[in-house]
Amino acid sequence: MGINRRSIVKVLSLGGAMIGAGVLMPRVALATWKAAAFEALDQDTAIQELLGDVPKESADVILKTPDTAENGAIVPVTVRSSIANVESISIYVKDNPSPLAVEFKIPEGTDADVSTRVRMAQSSRITAVVKAEGKLYSAAKDVTVTVGGCG
């Protein structure tokens, strides 16, 4: 039994379908992406668009950043929380052209502990917002930038 035209067409069709599914998957993932939050020009609007409410300051949200960042293109940020049932952690840079830097979805049963690097156009306040059981908690810190990183 050799290779015939029908088996070649079947393999090519299957391969094309798999490639097509791979191309469409990012669009499905982005369907729940809240573009208005990332396009907001001020931090309060970004928080409202993404989370729908105003957070309250909490000592249970630990925000770790350097006091001074020599390079605004790579500012390390770590956020931890001991609050139960954390759903998401979002990080904002108040004076950036787009204040919402990132949102992390935290799977159930996972420690609320994230680290990333953000870009800062200039010295600004970084705010971390933790969403847990529908409530919002935050911590903020001012960071001085010697060389801006959003240009």
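Me: Leaving aside neighbours within four places in sequence, which residues is Val86 in contact with?
Reply: This is a predicted model, where local features need pLDDT of at least 70, side-chain atom pairs count only at pLDDT 80 or more, and totals for chains, interfaces and linings use all residues. Residues are numbered from 1 along each chain as its sequence is written, and side-chain values use heavy atoms, without hydrogens and water. Contact means heavy atoms within 4.5 Å. By that test, the partners of Val86 are Ser81, Ile106, Ala112, Val130, Lys131 and Ala132.

Me: How many residues does the largest nonpolar core have?
Reply: A nonpolar core joins buried (under 20% relative accessible area, 1.4 Å probe, protein chains only) Ala, Val, Leu, Ile, Met, Phe, Trp, Tyr and Cys residues through side-chain atoms within 4.5 Å. Val86 and Ile89 are among those with the most contacts inside the largest one. Its residue count is 25.

Me: In S9, what is the bridge partner of Lys131?
Reply: Strands are DSSP runs of E, at least two residues, numbered from the N terminus. Two strands pair if DSSP finds at least two bridges between them. S8 and S9 pair in the antiparallel sense over nine bridges. The partner of Lys131 is Leu136.

Me: Which element has the lowest mean pLDDT?
Reply: pLDDT is the predictor's confidence in each residue, from 0 to 100. The protein's mean is 86, and strand S2 (residues 61-64) has the highest element mean, 98. Helices are DSSP runs of H or I, at least four residues. The lowest mean, 57, belongs to helix H1 (residues 5-30).

Note on methods:
Buried means under 20% relative accessible area, exposed over 50%, partly exposed in between (1.4 Å probe, protein chains only).
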